[in-house]
Amino acid sequence: MAPETEEPAVKSNNEAGPGQETQGSAAVPSPSPSPSPPPPPLPPRRKASGEAPLQVGGQLQSKPTTAVSSIDISTLSFPDGTRGTFPTPSVGSGPSSLNSGYGTPTRDSSGDNLTDSMSVMSFAPTIRAPGDLASLVAAEFNRKSRAWNLLRSQSETVQPFEGIEFGDSGELAGFEREFDDIPENMTDDVRLSMWQSKMKHYLILSSAGKPIYSRHGDLSLINSSMGVIQTIISFYEGAKDPLMGFTAGKARFVVLTAGPLYFVAISKLGESDAQLRSQLEALYMQILSTLTLPTLKNIFVHRPSTDLRKPLEGTETLLSSLADSFTKGSPSALLGALECLKLRKSQRHAINNIFLKNRTDKLLYGLIVAGGKLVSVIRPRKHSLHPSDLQLIFNMLFESGSIKSGGGESWIPICLPAFNNSGYLYMYVSFFDDDNNDTQHPPTTPSQSSPSPPPTNNTPPESPQEIALILISPDRESFFPFSSLRTSLYNSLTKSGHLSLIRQSLSSPRPSISSILPSPSPSPSNSPSPISHFIYKSRPNVQFVMSSLQPLFVSPIARRKLMSQYQSLHAAMHAKHSHLKVIYSVGEDCASLGWVTPLFEFYCVAGPNVSRQAMTEAANKVVKWVGREEGRVFIIGGGVF
Amino acid sequence: MADSGAPKPSSSVKLVLLGEAAVGKSSLVLRFVNNDFQENKEPTIGAAFLTQKCNLPTRTIKFEIWDTAGQERFASLAPMYYRNAQAALVVYDLTKPTSLIKAKHWVAELQRQASPGIVIALVGNKLDLTNDAAGGDGEGAGGDGEGDARKVTTEEAKSYAEEEGLLFFETSAKTGYNVTEVFTAIANAIPETSLKTARGPGASSAAARTEEQRVNLNGPRDPNAKEGCAC
Ligand SMILES: Nc1nc2c(ncn2[C@@H]2O[C@H](COP(=O)(O)OP(=O)(O)O)[C@@H](O)[C@H]2O)c(=O)[nH]1
Ligand SMILES: [Mg+2]
């Protein structure tokens, strides 16, 4: 999810250090002689006042996707007679404000938000958080020792984050163990210190203080911490001044109050408050997707002391896989955008048409998703899909093993909160998977048994390679029609060769920088690509494309560092009152560039010695490349019926 | 395995698995369908639909299996899955007494609401965690060091099953003990008359019906046959 709705009230311009470049007006990085059309001017800033209350379940993070333009979603009737209209949030009971990016518990009494004139320090009287943008920009990005300068002058080809190779993971030391379980058979002291060594925690509790979920450690271990947190939060609630966040040591605490629930993120990874809060919102959406908002409210209206763990039973793994994707660093979550499988425009068009041809009556949305990347979408003209809903679905299908490991076809009641948080839809899921499902769906079935099925391979490849068919209906009886849709669609796509095209594209890596920016000199080894990685988000399409993580950013730590850079850039560009269009910063282990126009957001990272000019030139080239490839890397429009 | 030279009549049987969460429903299905077991299986979400064939001496049974999630919030959806079922596997965890109580609730609901002829099997799973020689079957998981984890006696469950006219098995999805047997027994217990016969998903229902009659007349099954399912 994109934290676009909640923006830190830090003006990065003011904090810019000597190495930092900010440009308020020029939309194109200046040194570029590029003849590319100048991007249009910035869109109007959000009005601060317009976004104060968090609508429970409804604050949309970004526009619906796969629609050419954002189309207003109109009414949908559900079988039980309820109607849903979106994106207008329907029920607003959330008392909290999302506005304060770095807010310690002060908001001015008018209920309005943090203002520009207040300094960062006035909001963070304690130790500076690692997520404090100012500290990142002023200190870490720009601190250069003499030795560093020397080194820099010696080598033009230092790669980003080279320290990792020499065992210097810096702040991220121990990150490899971040996702390890805390064993049960040790003393509480040992377990507690393991718990404290985690860099990221997510806690969910009811406003009555009942623990609901913790990413690490069983609830008995952390019961007392939960109690403390509940006390602190409710102390501020009483003062009519809700607690938004605070810093303790190296950890930043961010609190989200949503309906009857408290969500707490504790992070040593340096996200901005807005980013952490959007992660918490995603967890809240996951809970709504399990229960629906009316059910959640009812539960607590009738018994405020209810233990929500029972109604949520079986979805802890979904919360955890969602949480872990944030901790690992998810471009999709950061940008509130989706990634598409690269296909020729004509091929995607043909797949859409085959899909549309096979569609059945009660189909609301149909998606083909390969390895977490969108291949094809069909939808009614009136309804768009929202990225935050798709994020929940993709998490369920590709990040957690719940559905994959089951085999067969799944039929899942699911609430898509951005679509309608008050009712269930029914989701059919089947994987187009050679050795699994397809044996159960032979095109023609001579009745014949397989005496000993080959042992299925349970170790998935590094990035998920599954191709999933997702069919969503408001009708709970649609399973069997959808199951035959699956068979006919599978047969058509196989016969037309498109399924193997999808597999082919899936097995080829994301584009490499060197393929996009061919080296001008004949011997590429002498002139490495000026940039090492980029992400480009198309704002109208709410989709992103990024370069391959190979070879530099494959390890979890390198990937996390990369994502942290993007996070900082993103936070700076989206700070509420910042007027940044371009930001360039240099740190000890990398240089990075962010560039935002109404059409796109572009972020890239390079080795620390790459000059600003080289980076901006490369940025321009990549943006032009995306322009050429737009029809392949993005789904524009999709199949509409 | 059966001689596959001459095609045998094939019928499909709709089967639903019910029972408290985490008793091992999905694991039983995984063992039956893929002959596989996962130590830390993630909970089912919603329901999963799988098929598996089971070879009897005179016919092939194609099980169409609904594996439900078993969590409380899905309870209201259960009728959708057992409504047309010809067979139900009601599973409990024999190391967890409350799961038998839940199982009894399911049995009662099925007897009230499902189709009258439904064949119900009561299955006590995780036998490998007990000291019973049968379930230990090599791996001896709970049997050796940790003593007997059994909390529901065979007698208690068995006498309940007899009272209610249920098939009864104790199984281990982990070792595979008795798993095929459950499905074979169900296949054998389905009354011939309620078997819809088809030569595959493509067969029209009209063809299926005529075939069904032919089978009913000419294909009496051998009640003594003890032949494993197709796995
Ligand atoms: N020891 C043992 N564990 C089992 C057995 N069957 C399932 N389990 C475990 O019990 C847990 C729940 O199993 P699952 O099949 O998901 O239960 P379901 O919710 O009823 O579908 C998983 O961790 C399984 O590995 C069994 O026969 N023996
Ligand atoms: Mg299950």
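A nonpolar core, as the term is used in these legends, is a set of buried Ala, Val, Leu, Ile, Met, Phe, Trp, Tyr and Cys residues joined through side-chain atoms within 4.5 Å. Please keep in mind while browsing the views that this is a predicted model.

**View 1. The largest nonpolar core draws on chains A and B.** This core has 59 residues. Those with the most contacts inside it are A:Ile368, A:Trp411 and A:Leu489 from chain A, together with B:Tyr92, B:Leu110 and B:Leu122 from chain B. Helix α13 of chain A, spanning residues 479-495, supplies the largest share of the core, with six residues. In soluble globular proteins, nonpolar side chains tend to be buried together.

**View 2. The surroundings of B:Leu122.**

**View 3. Chain B, from one element to the next.** Chain B has seven helices and seven strands. Starting at the N terminus, its elements run β-α-β-β-α-β-α-β-α-α-β-α-β-α. Of its 231 residues, 58% count as buried. Among contacts in chain B between residues at least 6 apart in sequence, 71% join residues at least 24 apart. The accessible surface of chain B is about 9,700 Å², and carbon and sulfur atoms account for 50% of that surface.

**View 4. The shell around ligand 1.** Ligand 1 has 20 residues around it, and those that come nearest are B:Ala22, B:Lys25, B:Ser27, B:Glu39 and B:Asp128. Sorted by class, the shell has six nonpolar, seven polar and seven charged residues. Helix α1 of chain B (residues 25-34) gives the most to this shell, with three residues.

**View 5. Polar contacts of ligand 1.** A polar backbone atom of B:Glu39 is 2.6 Å from an oxygen atom of ligand 1, and a polar backbone atom of B:Gly24 is 2.9 Å from an oxygen atom of the ligand. From B:Lys126, a polar side-chain atom lies 3.1 Å from an oxygen atom of ligand 1. On its own, ligand 1 has 570 Å² of accessible area, and the protein covers 91% of that.

Terms used: Residues are numbered from 1 along each chain as its sequence is written. Chains are lettered from A and ligands numbered from 1 in the order in which they are written. This is a predicted model: local features need pLDDT of at least 70, side-chain atom pairs count only at pLDDT 80 or more; totals for chains, interfaces and linings use all residues. Side-chain values use heavy atoms; hydrogens and water are left out. Buried means under 20% relative accessible area, exposed over 50%, partly exposed in between (1.4 Å probe, protein chains only). Helices (H or I, at least four residues) and strands (E, at least two) are DSSP runs, numbered from the N terminus. Contact means heavy atoms within 4.5 Å. Accessible areas come from the Shrake-Rupley method with a 1.4 Å probe; for residues, only the protein chains shown count as cover. A residue is near a molecule or strand if one of its heavy atoms lies within 4 Å of it. A polar contact is a pair of N or O atoms within 3.5 Å; within protein, one must be able to donate a hydrogen and the other to accept it, and residues adjacent in sequence count only if both atoms are side-chain atoms. Ala, Val, Leu, Ile, Met, Phe, Trp, Tyr, Cys and Pro count as nonpolar, Asp, Glu, Lys and Arg as charged, and the others, Gly among them, as polar. Lists of a residue's contacts leave out its neighbours within four places in sequence.
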